[in-house]
Amino acid sequence: MKLIGVGDNVVDFFMDRGEMFPGGNALNVAVLSKRCGAEQCAYMGIIGNDEAGDHVLRSLTAEGIDVSHIRRAYGPNGLAVVALDEQGDRRFVRSNKGGVQKSMTLRFTEEDLAYFGQFDVLHTSVYSYVERDLPLLSGYADLSFDFSTKRDPDYLRNVCPNLKYAFFSGSDLSEAECGKLIADVHACGTPVVGVTRGGQGAMFSSGGRLCKQAIAEENVVDTLGAGDSFIAAFLTAYGSGAEMQEALRFAAEAAAKTCAHYGAFGYGVPYKE
């Protein structure tokens, strides 16, 4: 399976450790898919030309991610300040709203589109602001989209018809509410829908066939990136031909491993705001 992440990236500054870690949904899924066994992985996004942007680029290169189509811009990279709560969960304190990315959008060339055709899956997110291009992009690879907690019906009707995979964060939803959300997204045209629910596991459906997955036990150090790891592992396994339940077990194990270390995939370095 070959995957490219397109869109958001950020560095997460851990106040309690005085370190920054590379992250962002589209970037994390690309890196973690590679770690889960994907044959080829790439990332395309806008990276600042500051210390944080340099660190993101170094980390991607160290992981063997194709960065040939990254855009670098003059200005600060996206940065989020996070703190650790009493349960070991990360909470976002503040951010620079995407840094240089907030004043720019990705514009895809004919060369970019031909490049996307090399991949089986193009993964992006609600934080990447490429919704208007989804109908175009869907002609080059299967689209995967992380909605996070955005479930506005009009938004779903606009985005979901272009997707093969839709992922949601639903720790605040009951099982019945997750089931309704999944049914609504299927009705909009997306064949594979998943809702991750934190400690309550996950609910996924392919064409209306519902599967549930409990969490895998692990010594939790930091939960940041666990959801992205779940998505990456699921896409890698399911996209390589695994059955739904097998792919979900693989995803739960990958997410648990991510919770056992700091950052979505490591690479913490000292940093001062």
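Modeller: Two strands count as paired if DSSP finds at least two bridges between them. Keep in mind that this is a predicted model.

Biologist: How many bridges join β2 to strand β3, and in which sense do the two run?

Modeller: β3 covers residues 19-23. The strands run antiparallel, and the number of bridges joining β2 to β3 is five.

Biologist: Which residue in the hairpin of β2 and β3 takes a positive phi?

Modeller: The hairpin has four residues between the strands. The positive phi there is near 65°, and it belongs to G18.

Biologist: Which residue of β7 is the bridge partner of F14?

Modeller: β2 also pairs with strand β7, residues 79-84, in the parallel sense. Four bridges make up that pairing. In β7, the partner of F14 is V82.

Biologist: Why is strand β2 described as largely enclosed, and how many of its residues are buried?

Modeller: Buried means under 20% relative accessible area. On one side of β2, V10, D12 and F14 are buried, and on the other V11 and F13 are too, leaving both faces covered. Strand β2 is largely enclosed by the rest of the structure because the count of buried residues, out of five, is five.

Biologist: How many residues of helix α1 are buried?

Modeller: α1 spans residues 25-35 and is mostly covered. Its buried residues are N25, A26, L27, N28, V29, A30, V31, L32 and S33. Of the 11 residues in α1, the number buried is nine.

Biologist: Which residue with a positive phi follows α1?

Modeller: The phi in question is near 110°. The residue that follows α1 with this positive phi is G37.

Biologist: Turning to the rings, are F147 and F168 stacked or edge-to-face?

Modeller: A pair of aromatic rings is described by the distance of the centres and the angle of the planes. The whole structure holds 17 aromatic pairs. For F147 and F168, the centres are 4.5 Å apart and the planes lie at 10°; planes under 30 degrees apart count as stacked, so this pair is stacked.

Biologist: How many residues apart in sequence are the parts that this pair of F147 and F168 ties together?

Modeller: F147 is buried at a relative accessible area of 0%, and F168 is buried at 1%. F147 lies in the loop between β10 and α5, whereas F168 belongs to strand β11, so the pair ties together parts whose separation in sequence is 21 residues.

Biologist: What is the geometry of the pair F167 and F204?

Modeller: F167 is buried, at 2% relative accessibility, and F204 is buried, at 0%. The centres of their rings are 5.9 Å apart and the planes are at 50°, so the pair is tilted.

Biologist: How far apart in the chain are F167 and F204?

Modeller: F167 is in strand β11, and F204 is in strand β13, residues 202-206.

Biologist: Over which ring does the charged end of R17 sit?

Modeller: Two cases of a charge over a ring can be set side by side. The charged end of K150 sits over the ring of Y155, 4.7 Å from the centre. The charged end of R17 lies 3.8 Å from the centre of its ring, which is that of Y262.

Biologist: Which helix supplies the largest share of the lining of the second largest pocket?

Modeller: The second largest pocket holds about 180 Å³ of space. α5 and α6 each supply at least two residues of its lining. The largest share, four residues, comes from α6.

Biologist: How many residues in the lining of the second largest pocket are charged?

Modeller: The lining includes R151, R157, E177, K180 and D184, along with residues such as P153 and L156. Five lining residues are nonpolar and none is polar. The number of charged residues is five.

Biologist: Is A114 buried or exposed?

Modeller: A114 has its place in helix α3, residues 110-116. Exposed means over 50% relative accessible area. At 52% relative accessibility, A114 is exposed.

Definitions and conventions
Residues are numbered from 1 along each chain as its sequence is written. This is a predicted model: local features need pLDDT of at least 70, side-chain atom pairs count only at pLDDT 80 or more; totals for chains, interfaces and linings use all residues. Side-chain values use heavy atoms; hydrogens and water are left out. Buried means under 20% relative accessible area, exposed over 50%, partly exposed in between (1.4 Å probe, protein chains only). On a 1 Å grid over the protein atoms alone, a cavity is a set of points where a 1.4 Å probe fits but cannot get out, and a pocket is an open set with protein on both sides within 12 Å along at least five of seven lines; lining residues have an atom within 4 Å of a point. Grid points are joined across faces, edges and corners, and a volume is the space filled by probe spheres set on the points. Ala, Val, Leu, Ile, Met, Phe, Trp, Tyr, Cys and Pro count as nonpolar, Asp, Glu, Lys and Arg as charged, and the others, Gly among them, as polar. Rings of Phe, Tyr and Trp (its six-membered ring) pair if their centres lie within 6.5 Å; planes under 30 degrees apart count as stacked, over 60 as edge-to-face and the rest as tilted. A charge sits over a ring if NZ of Lys or CZ of Arg is within 6 Å of the ring centre and within 35 degrees of the ring normal.
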